[in-house]
Amino acid sequence: RGDQATVQDLAGRHVVISAGGTREPLDPVRFLGNRSSGKQGYALARTAVARGARVTLLAANATLPDPAGVDVVHVGTAVQLREAVLEAAPEADAVVMAAAVADFRPETYATGKIKKKDGQEPEPIVLVRNPDILAELSADRPRPGQIVVGFAAETDDVLANGRKKLARKGCDLLVVNEVGERKTFGSEENEAVLLGADGSETPVPYGPKEVVSDTIWDEVVRLLPIGDA
Ligand code: CTP
Ligand code: CA
């Protein structure tokens with residue numbers, strides 16, 4: 001794994017990874033966001049570099065230091081992340097969507113700070129759907145043979161929901177996490193099951209996010225067409 005002399009099985013490959021969580025602004029001082037720390041996506045970037053890949057990391061509001069040897073593009077909103085993914089993806093052998101993308105954004109952005117009004121209840125916040133970047137990329141592969149990987153954090157019927165989501169998104173691999181106390185958000189560790197569109201099911205026991213990352217790259221290497229696409 002990553003701490004040993006690492007096999008260069010991603011040499012000559014270019015991988016694009018999204019990390020962190022998008023923020024959808026309401027006004028110049030407020031946003032709707034989520035608890036994603038970016039740690040899983042950054043661990044994916046480090047482990048891919050260790051295995052010889054060229055890595056582009058699309059970082060949504062992550063405050064972690066830029067990993068050595070990685071091209072980092074910082075983005076804010078889901079719409080900006082979509083643009084960055086669509087720009088980077090045509091050259092990528094694999095795209096891994098580890099970012100937590102906001103499903104909705106406020107319909108309107110107030111260019112001035114929203115203020116309280118004496119004796120009045122607040123205005124409701126109207127939300128609209130964001131584009132589904134993973135589904136769009138999976139349906140419309142910009143490069144033949146490209147491997148597309150999604151993530152899903154689930155609370156109930158984790159595997160059944162994961163299989164449904166994999167089919168709905170159309171990606172090649174879905175990394176399913178069960179959301180729990182010590183796992184997933186902000187944690188250094190994670191536990192996952194990797195579901196393949198080919199029916200494969202690869203459990204990853206609770207451990208560092210690097211181990212989950214290396215298991216994802218093992219699966220990507222297995223699925224990638226031999227030689228260059
Ligand atoms: N994703 C995306 N664009 C979105 C929402 C999600 O690309 N607008 C990606 C995430 O990066 C992740 C995967 O889709 O890799 C699954 O995200 P998830 O939130 O679990 O899926 P949803 O389809 O939004 O389902 P849910 O209603 O359970 O939130
Ligand atoms: Ca979602």
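How many bridges join strand 1 (residues 14-20) to strand 4, and do these strands run parallel or antiparallel? Seven bridges join strand 1 to strand 4, and the two run parallel. The model is predicted, so that local features need pLDDT of at least 70 and side-chain atom pairs count only at pLDDT 80 or more, whereas totals for chains, interfaces and linings use all residues. Residues are numbered from 1 along each chain as its sequence is written, and chains are lettered from A and ligands numbered from 1 in the order in which they are written.

View 1. Strand 4 covers residues 54-60; strands (E, at least two residues) and helices (H or I, at least four) are DSSP runs numbered from the N terminus. Strands pair if DSSP finds at least two bridges between them. Serine 18 has leucine 58 of strand 4 as its bridge partner. Six bridges join strand 4 to strand 5 (residues 70-75), again in parallel, and leucine 57 is partnered by valine 72 in strand 5. Six of the seven residues of strand 4 are buried (20 or more other C-beta atoms, placed from the backbone, within 10 Å; exposed, 12 or fewer; partly exposed, in between).

**View 2. Leucine 134 in helix 3 (residues 133-139).** Leucine 134 counts as buried because it has 26 C-beta neighbours inside 10 Å. Beyond residues up to four places away in sequence, leucine 134 touches Met97, Gly150, Lys169 and Cys171 (contact: C-beta atoms, placed from the backbone, within 7 Å).

**View 3. Lysine 165 in helix 4 (residues 158-169).** With 18 other C-beta atoms within 10 Å, lysine 165 is partly exposed. Leaving aside neighbours within four places in sequence, lysine 165 is in contact with Ala152 and Leu174.

How values were computed:
Two residues are in contact if their C-beta atoms, placed from the backbone, lie within 7 Å.
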